[in-house]
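Grab a pencil and let's work through some aromatic rings together. Each exercise has a task, then a solution in steps.

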Amino acid sequence: MATANRRTGTSGTGGGRYGTEAEEEDGHATIPLPVTIRPARPDDLPKLEWFGLHTPHREILAGAFRLQERGDGAMILAEVNGFPVGQICIDFLRKRPSGRATLWALRVFQPFRKLGLGVRLVRAAERLVLQRGVPFAELGVDRDNAGVLPFYERLGYEHCGRERGQFLYHTPEGRLVRVAIDQWLLHKRMAEAAKPDIGRGLRLAAE
Ligand SMILES: CC(C)(COP(=O)(O)OP(=O)(O)OC[C@H]1O[C@@H](n2cnc3c(N)ncnc32)[C@H](O)[C@@H]1OP(=O)(O)O)[C@@H](O)C(=O)NCCC(=O)NCCS
């Protein structure tokens, strides 16, 4: 905060765009964090690698985006200051015959967690599932990620099975990676559950 306040030149006045003198002395401040929830665009893809963290997953990111382009999926982002700090994907194709849309790849960049972005992303995804008239939203939670279960349970998801298998992807260097999947399956009935959200105003603005 000290640096920010010096930039405003508000020293001695007790206020300014970047904070107050009291904040400077205390070292703590609460700042506004405008967030936009929107569909991914092509120029988001490099940023979604999060400075190398998800570079090995470039092929998976590209696949999720293609699915959105074809109308068989969605890739929804939480954008802060022009940077995608959160993501959730939907696959409308994989389980369409059983009336399910699969929510997957929910993630929020570490410093932005516990601010409500995860919940907002799931709700935005649910609205799209509802708009499509798909009866259930379904998702898988890795059995070594049990800590996240209460997050989904609070959102109304219920256990509905278990899924095991594997998926394959290539790293940008061309290495084939085989990932074993062992997940709890959770689902939520959209027709009932999403009713309270209708008309609450969040619209995904396509660019
Ligand atoms: C799961 C995740 C997307 C939640 O995002 P978020 O922006 O922090 O979510 P919100 O702020 O909306 O909600 C956070 C709540 O969920 C709880 N939560 C989420 N993941 C949790 C975990 N792994 N362990 C414990 N609590 C968790 C938080 O404790 C918090 O609860 P509180 O409000 O009572 O403190 C984020 O933690 C993440 O990116 N995790 C790594 C990737 C991942 O596990 N994705 C889910 C794959 S199924």
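**Exercise 1.** Find which ring R100 lies over, and which ring has the charged end of R107 over it.

*Solution.* Start with the rule: a charge sits over a ring if NZ of Lys or CZ of Arg is within 6 Å of the ring centre and within 35 degrees of the ring normal. R100 lies over the face of F136, 4.8 Å from the ring centre. Next, R107 has its charged end over the ring of W50, at 4.2 Å from the centre.

A quick note: this is a predicted model, where local features need pLDDT of at least 70 and side-chain atom pairs count only at pLDDT 80 or more, while totals for chains, interfaces and linings use all residues. Residues are numbered from 1 along each chain as its sequence is written, and side-chain values use heavy atoms, leaving out hydrogens and water.

**Exercise 2.** Work out how F151 and Y152 are arranged, stacked or edge-to-face.

*Solution.* Rings of Phe, Tyr and Trp (its six-membered ring) pair if their centres lie within 6.5 Å; planes under 30 degrees apart are stacked, over 60 edge-to-face, and the rest tilted. F151 and Y152 are 5.1 Å apart centre to centre, with 75 degrees between the planes, so the pair is edge-to-face.

**Exercise 3.** Decide whether F151 and Y152 are buried, partly exposed or exposed.

*Solution.* Buried means under 20% relative accessible area, exposed over 50%, partly exposed in between (1.4 Å probe, protein chains only). F151 has 22%, so F151 is partly exposed. Y152 has 9%, so Y152 is buried.
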